[in-house]
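Please read the notes below with the model open beside you. They go through a few points that can be checked directly on the screen.

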Amino acid sequence: RLTAPPQPETRARILFAGSLYGDHTAEPLVEAVARPELRGRAQLEFVGVIDPRTRHALAEAGVDASVDPPISWSEAIERMLGAEIAVAITTPSAGGDMALPIKLFEALALGRPALVLARPNSDSARLLERLGQDAGLAPPDDPAAIAAAIERLLANPPPPVAPEALAEFDADRIAARYAELLDEVVSRSRSSSSLGTTASRR
């Protein structure tokens, strides 16, 4: 009996869109995808400015990867929607432990599984744990841990975050809170100046 030929396994698309420079590198990510447990299962897609360390790692590892020049924000969003995993990286030169990459919020808002390379106890790590999205969390300099995080995301992607859980991070709401804070600071400053002027006249 004739049978259909086996279909090639679909490789998961892992997308990083942005700029890499200095220690803000994807070199450990490339090394992770090159590990035996992931080889042939994932395709790396880089869109934007790529640092020399990442380029060298890609050349050495021989993994399935593409590197495209910077594109518009709307195009980057379309690419993210088509990816199985979206990547965000935090390192000392990119804000360190206090950084909350915009790419992280974009991935969460779009319902894409996020591979977030950040140190334990960083602001990014705490946010992911709070939202139940820490399956994709791994230290940015540990290829074995990054590979394990990718495997977790491929085996059991977390459900999308509810929109109301992300509402407090909406740019308009943040801007409004900053405006309220600035108004309060200005008001206090004026009150203090007024009290000082009154006291000096006595």
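1. The unit is made by strand 4, helix 4 (residues 102-110) and strand 5, and it is right-handed, a term used when, with the strands pointing away from the viewer, the path from the first strand over the helix to the second runs clockwise. Helices (H or I, at least four residues) and strands (E, at least two) are DSSP runs numbered from the N terminus.

2. This is a predicted model, in which local features need pLDDT of at least 70 and side-chain atom pairs count only at pLDDT 80 or more, while totals for chains, interfaces and linings use all residues. Residues are numbered from 1 along each chain as its sequence is written, and side-chain values use heavy atoms, with hydrogens and water left out.

3. Strand 4 (residues 85-89) has five of its five residues buried, so the rest of the structure largely encloses it; buried means under 20% relative accessible area, with exposed over 50% and partly exposed in between (1.4 Å probe, protein chains only). In a regular strand the side chains alternate between the two faces of the sheet. Here Ile85, Val87 and Ile89 are buried on one side, and Ala86 and Ala88 on the other.

4. Strand 4 pairs with strand 1 in the parallel sense over two bridges, where pairing requires that DSSP finds at least two bridges between the strands. Leu15 has Ala86 of strand 4 as its bridge partner. Strand 4 also runs parallel to strand 5 (residues 114-117), to which four bridges join it, and Ile89 stands opposite Leu117 of strand 5.

5. A search of the whole structure finds one aromatic pair. Phe16 and Phe46 form this pair, which is tilted, at 6.5 Å centre to centre and 55° between the planes; rings of Phe, Tyr and Trp (its six-membered ring) pair if their centres lie within 6.5 Å, and planes under 30 degrees apart count as stacked, over 60 as edge-to-face and the rest as tilted. Because Phe16 lies in strand 1 (residues 12-19) and Phe46 in strand 2 (residues 42-49), the pair ties together parts that are 30 residues apart in sequence. Both Phe16 and Phe46 are buried.
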